[in-house]
Amino acid sequence: GGSMALACCPLSIHIQARLAHVCGEAAADLVVKVVAERASSAGGYAHRARAIMLFDTSEEAGDVAVLAVYANEYGPEAEPPNARRVYVECIDGLPLRADESGRERDSVIRGVVCGYLEHLRERGFVFVHFRAPSPNDQECQIFSRCPKHLRVSHSIKTCQWISRLLEEALREAVVDSFHAGAHGGILNFPPTLLTPAHLTTECLFSSSEAILAQRLPAAP
């Protein structure tokens with residue numbers, strides 16, 4: 001039972017190998033699986049929705065999900081401007097252990113995300129769009145809800161964290177380049193990738209985002 005009962009696939013095998021490369025022995029008890037996958041035409045554009053999860057199978061954890069990545073993949077069959085683009089809708093996770101450092105956590109997430117980006121590139125995708133959910137988004141977290149009074153700072157720091165993640169991917173030649181709008185704004189982000197609800201929350205937040213970011217310290 002548990003994660004080991006879930007079938008492996010080329011995507012999960014690739015991410016697993018990348019994770020082992022990045023984390024070494026620290027990844028020995030971590031297992032990557034694609035837990036859900038379905039074809040969809042929601043929004044009028046054909047795509048494949050995927051849910052990728054990382055499980056901690058150590059004796060202490062007992063096979064528990066610690067990281068989730070939800071993405072919508074628009075292949076060459078999708079109409080422009082969505083064709084060959086991927087929309088990473090959500091990345092959320094839990095600490096592997098109580099004394100885990102920020103560097104250790106970032107290494108694990110980088111291994112999973114960079115492995116996914118590599119696999120997308122091999123399959124012919126050209127653009128990948130990451131979205132840091134706005135404070136008004138009620139569906140942005142999987143494992144636990146951010147307290148209401150912390151949602152603004154969480155959104156902006158998530159933007160900063162994604163930028164750092166992509167800087168690492170650039171240094172490792174996983175991506176050729178990346179661009180981010182002011183404080184994580186959706187620069188070059190086709191609105192057709194977003195659901196109407198997500199598009200509304202982005203518009204509501206964008207007007208005040210830059211002012212709020214000036215009041216917050218940079219993420220460590």
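Visitor: Which side chains meet in a salt bridge with N to O at 2.1 Å?
Guide: Those of Glu172 and Arg18. A salt bridge here is a side-chain nitrogen of Lys or Arg within 4 Å of a carboxyl oxygen of Asp or Glu. This is a predicted model, where local features need pLDDT of at least 70 and side-chain atom pairs count only at pLDDT 80 or more, while totals for chains, interfaces and linings use all residues. Residues are numbered from 1 along each chain as its sequence is written, and side-chain values use heavy atoms, with hydrogens and water left out.

Visitor: What does the Glu172 and Arg18 pair tie together?
Guide: Glu172 lies in the loop between α3 and α4 (196-214) and Arg18 in helix α1, so the pair ties together parts that are 154 residues apart in sequence. Helices (H or I, at least four residues) and strands (E, at least two) are DSSP runs, numbered from the N terminus.

Visitor: Arg18, buried or exposed?
Guide: Arg18 is buried, at a relative accessible area of 11%. Glu172 is partly exposed at 30%. Buried means under 20% relative accessible area, exposed over 50%, and partly exposed in between (1.4 Å probe, protein chains only).

Visitor: How many salt bridges does the structure hold?
Guide: The count is 10. One of them pairs Arg50 with Glu37, with the closest N and O atoms 2.9 Å apart. Arg50 is in strand β2 and Glu37 in strand β1, 13 residues apart. Arg50 is buried at 12%, and Glu37 is partly exposed at 41%.

Visitor: And what about Arg123 and Glu73?
Guide: Their side chains form a salt bridge at 2.5 Å, N to O. Arg123 sits in the loop between α2 and β5 (127-130) and Glu73 in strand β3, 50 residues apart. Arg123 is partly exposed at 32%, while Glu73 is buried at 2%.

Visitor: Which residues do shared partners join into one network?
Guide: Glu37, Arg48, Arg50, Glu73 and Arg123, through salt bridges.

Visitor: Switching to Arg85. Where is it?
Guide: Arg85 is in strand β4. Arg85 is buried but has no salt bridge, and the nearest side chain of opposite charge, Glu79, is 12 Å away. For charge, Lys and Arg count as positive and Asp and Glu as negative; His and the chain ends are not counted.

Visitor: What does the Arg85 side chain make a polar contact with?
Guide: The side chain of His129, at 2.9 Å. A polar atom of the Arg85 side chain also lies 2.6 Å from the backbone oxygen of Pro81. A polar contact is a pair of N or O atoms within 3.5 Å; within protein, one must be able to donate a hydrogen and the other to accept it, and residues adjacent in sequence count only if both atoms are side-chain atoms.

Visitor: Now the largest nonpolar core. Which members touch the most others?
Guide: Leu19, Ile52, Leu54, Tyr116 and Leu117, out of 35 residues. The largest share, 8 residues, comes from α2. A nonpolar core is a set of buried Ala, Val, Leu, Ile, Met, Phe, Trp, Tyr and Cys residues joined through side-chain atoms within 4.5 Å.

Visitor: What does Leu54 touch?
Guide: Leaving out residues up to four places away in sequence, its contacts (heavy atoms within 4.5 Å) include Leu19, Val32, Val66 and Val112.

Visitor: How many disulfides?
Guide: The search of the whole structure finds 0, a disulfide being a pair of cysteine sulfur atoms within 2.5 Å. The sulfur of Cys9 is 7.5 Å from the closest cysteine sulfur, in Cys8, too far for a bond.
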